[in-house]
Amino acid sequence: MDTVKAPAQETILKGVAAAPGISIGPAYLYSKLIPHVVEKSITPDEVEGEITRLRNANARSEKELQKIHAFAEQKLGSQNARIFEAQIMMLADTILMGAIEKRIGKELKNAEFIVADEISKYKQVMLAAHDEYMRERARDVDDVMNRIIRNIQDQKLFSRLEGASIIVSESLAPSDTVIFSRNQVLGYATDLGGVTSHAAILARSLKIPAVVGLRSATKGIQTGDPIAIDGYAGLIIIHPSEETLQTLERKKERYREFEGRLVNIAGLSAETVDHKQIELSANIEFAAEIEFARTQGSAGIGLFRTESQLIGRASYPTEEEQYTAYREVADGVYPNSVIFRTFDVGGDKISPDTEHEANPFLGWRGIRVLLDRPALFLDQLRGILRASTRKNVRIMFPMVSTVQEIRRARELVATAKKELDARGLPYDPDIKVGIMIEVPSAAVLAEEMAAEADFLSIGTNDLIQYLLAVDRDNAAVAPLYQQFNPAVLRTIRHIIDAGHKKGVWVGMCGEMAGNPLATVLLVGLGIDELSVLPSVLPEIKKIILSIRYKEAKRVADKVLGMSTDQEIRDHLASIIKNKVPEIPIDE
Amino acid sequence: MIERTVTIVNRKGLHTRPAASLVKTAAKFQSELTIRKDNLEINGKSIIGVMTLAAEQGSTLVLQFDGPDEEEACRAMEDLFRRGFDEE
């Protein structure tokens, strides 16, 4: 019987706008892929092949998890990324894997069946604990198990996701973040979650529209349904009408135009209307980010976090391993420059050595670790130096608090050069060596520091936390973490002036550098370089291009006379609204 | 073979990070480590095993060391438990 289907009724779901943007496309209902495991008998001849499949699957699973872990760490912070460490440890559990391999040989069953059977035993014990924490661990165990099985069966994670889709799911677990790294995701709609959920944070950083807290999206939407997502208004429209689509297309076009204007400035250098040049560069930690930083219009890499070389490792990488990694970065950035910050381990950062400290932020970290471990430090310095032959590499030391530390570190740079000379290996003999100013003592002594360094880069995250005695990860005091506290601003002014007095350039690579509210002020204070997240770079450049240095100086003078964070924020916000109204300011 | 009964003193119990330190410490020694809690017995060198213990603050575990360096292993492990796995 032929039936003429009536056009489906347009339905609008209201959620929470979590990441801006508009997309229209087919829905893809995402639920965790549970691999199907069949019990199969194998012959003794097949045991070896089965074990090889298992080992290969483990290696692939580990690679995936390392990638997710690095990604999560970068986007969500190391605290949130920790759960992947547990999963990586499970993969490396030699007792567990040994037991599985032994059972394959003894019971003559296929690898995935034994994996499922063996790991499920642990999962059952955890689920029996009737405790929320243990149930979550059971989910981790489940995740790891499914990942191994999927890799044994050699399925690709999202083989079923064909073409660009809007992902609809109940919630987004951190381990689902991998789907965000794929280009086919047009948008993200979840039943649960708020603006601070993982989904929201990730979607924003990747510029994918997202609406969360929709409650029943997974019930009302089926894979293939045409839907539209409006990440500005927090709406999902199922079976959108022609009229709705046109409205959305117009809205999308308006925004695209604005974003397009931002991209148009990618090729311009960051210069004020009255021709004051600011070096606007990007903070990255992986060579893979260079391309994005470039398309966003960066003038180079102002901070390359070398700690990325330590991810998932039990020991420090060798000089050779580091050289290879740094060479890739230096070549990728050329003809622009890259500043390699030597390992900033300790505090909240990863370290292959597990040393316990009562107060890690005041403890053994940054340059302190490196100076106490000259062999490790020299390995890294030689690795960086060898990558500097095209003269586009600079070195920066973190966490410097005394003048002696710079002197000692520079001596080690000289030693590293001599060692390379002895081996006949080339490097840039004039390589510039600078320091981060992130400890109050270094800020107070900025002039003395500048006399010993080729450049200074202000690390605002730690500087603010140390200066104001506020742990910003502690919710009880978080409101006291104020970027625009007058004490912070006066310290920044002091550092910039001190650097200039000694004839060295002063940059900033902390979060404040990427805060659009701070740009006019920092330019007015005379900052020479700003290094920011690639995603915010166009906005910061747009502000620099729209202002006059002369006016910025007046703004800085005025703001430095104010006495509270709020007063200063209000004033700076009014200037942005006035001068660059298209820049969205979070108030 | 040495057997010791230990108590979990850190507030959050034997969660992921302490479990990792326990396994790492056990792995430094040749001796086998078996951990018993209630009816459960697991290999102390296996992270997934240690994670299933779900040992909260105040719970007791029986540690059994067996091998050429069992005394050193036992001392190191008792010390780790006493320090509350260096948590908080």
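In what order do the four strands of the open sheet in chain B lie? The order is β1-β4-β2-β3, and the pairing is antiparallel. The model is a predicted one: local features need pLDDT of at least 70, side-chain atom pairs count only at pLDDT 80 or more, and totals for chains, interfaces and linings use all residues. Residues are numbered from 1 along each chain as its sequence is written, while chains are lettered from A and ligands numbered from 1 in the order in which they are written.

Chain B holds three helices and four strands. Helices (H or I, at least four residues) and strands (E, at least two) are DSSP runs, numbered from the N terminus. The elements follow one another as β-α-β-β-α-β-α from the N terminus on.

Strands β1 (2–7) and β3 (40–43) of chain B form the edges of the sheet, each pairing on one side only. Two strands pair if DSSP finds at least two bridges between them. On average, neighbouring strands of this sheet are turned by 25 degrees against each other, direction ignored. The axes are lines fitted to C-alpha atoms, for helices over the stretch in contact, and angles run from 0 to 180 degrees between N-to-C directions. Five bridges join β2 (residues 32–37) and β4 (residues 60–66) of chain B in the antiparallel sense. Thr34(B) has Gln64(B) in β4(B) as its bridge partner.

Of the 88 residues in chain B, 39% are buried. A residue is buried if 20 or more other C-beta atoms lie within 10 Å of its own, exposed if 12 or fewer, and partly exposed in between; C-beta atoms are placed from the backbone. Among the contacts in chain B with a separation of 6 or more, 73% join residues 24 or more positions apart. Contact requires C-beta atoms, placed from the backbone, within 7 Å.

At the interface, 14 residues of chain B are in contact with 16 residues of chain A. On the chain B side, α1 (16–27), β3 and α2 (47–52) each supply at least two residues. The largest share, five residues, comes from α2(B). This side comprises six nonpolar, six polar and two charged residues. Ala, Val, Leu, Ile, Met, Phe, Trp, Tyr, Cys and Pro count as nonpolar, Asp, Glu, Lys and Arg as charged, and the others, Gly among them, as polar.

In chain A, Ala487(A) is found in helix α17 (residues 486–501). Ala487(A) counts as partly exposed because it has 13 C-beta neighbours inside 10 Å. Leaving aside neighbours within four places in sequence, Ala487(A) is in contact with Leu467(A) and Leu468(A). Ala487(A) and Asp565(A) are 78 residues apart in sequence, with 9.4 Å between their C-alpha atoms.

Note on methods
Contact = placed C-beta atoms within 7 Å.
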